[in-house]
Amino acid sequence: MKLFTIGHSIYDINYFINLIKIYNINCIVDVRSIPYSKYSKQYNKDIIKSILNKNNIIYIHMGQEFGARRENKELYSKDRYLDFEKVVYDGDFLKGVERIKTGLNKGYNISFMCTEKEPEECHRCILVGRYFNNIGYDVINIIDEKKYKTQVEIEKDLLNEYFPNRNQISLIPDLNKSDKELIKEAYKLKNKKIAYRLEE
């Protein structure tokens, strides 16, 4: 089964609607913890829900299940950023996973929506997309009407970003790890870079 992710960025709302229709999406799952936009008010929860519904697209806010800000302090690292590897075991997250599975089984074409245009800079891809990819779903991260990246392609990009010299024999043990091990490490590094941090 396919699952999509998309960032609303500062897109004109008509462009956004046409974009998701190109990919035959009929259900948007908003994974923003705070479903409001300072710069693009057309994506505030009540407004975007109304617009989507008028276009026969279901809107569901699942910030509690899939959001990047969590109230449970145990889900944060000792450096005070949200640890995605802990979040995937959280009860709310797992309840959300079951709801998504139910929706897919009912035939909905679902896309997770957040703010950032580039998927690798957003938890919808690095946390949520990764999880669903790992349990066997074909995750497609939409960039525009002609371009998307599968989660597998995202992982290749992460390897190139964090371990560009990985194919060279190295005296540094980390660079002699398998691609699978390096992908896991790259996700951790990206997690640390983009994650929400608790205030001191």
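Reader: Where does Lys-149 sit?
Author: Lys-149 is in strand S6, residues 148-150. Strands are DSSP runs of E, at least two residues; helices are runs of H or I, at least four; both are numbered from the N terminus. This is a predicted model: local features need pLDDT of at least 70, side-chain atom pairs count only at pLDDT 80 or more, and totals for chains, interfaces and linings use all residues. Residues are numbered from 1 along each chain as its sequence is written, and side-chain values use heavy atoms, with hydrogens and water left out.

Reader: Is Lys-149 buried or exposed?
Author: Lys-149 is buried, at 15% relative accessibility. Buried means under 20% relative accessible area, exposed over 50%, partly exposed in between (1.4 Å probe, protein chains only).

Reader: What does the Lys-149 side chain make a polar contact with?
Author: The side chain of Glu-120, at 3.0 Å. A polar contact is an N or O pair within 3.5 Å; within protein, one atom must be able to donate a hydrogen and the other to accept it, and residues adjacent in sequence count only if both atoms are side-chain atoms.

Reader: Switching to Asn-133. Which element is it in?
Author: Helix H6, residues 123-134. Asn-133 counts as buried because its relative accessibility is 19%.

Reader: What does Asn-133 touch?
Author: Val-139, Gln-151, Val-152 and Glu-155, leaving out residues up to four places away in sequence. Contact means heavy atoms within 4.5 Å.

Reader: And where is Ile-135?
Author: In the loop between H6 and strand S5 (138-142). Ile-135 is partly exposed, at 36%.
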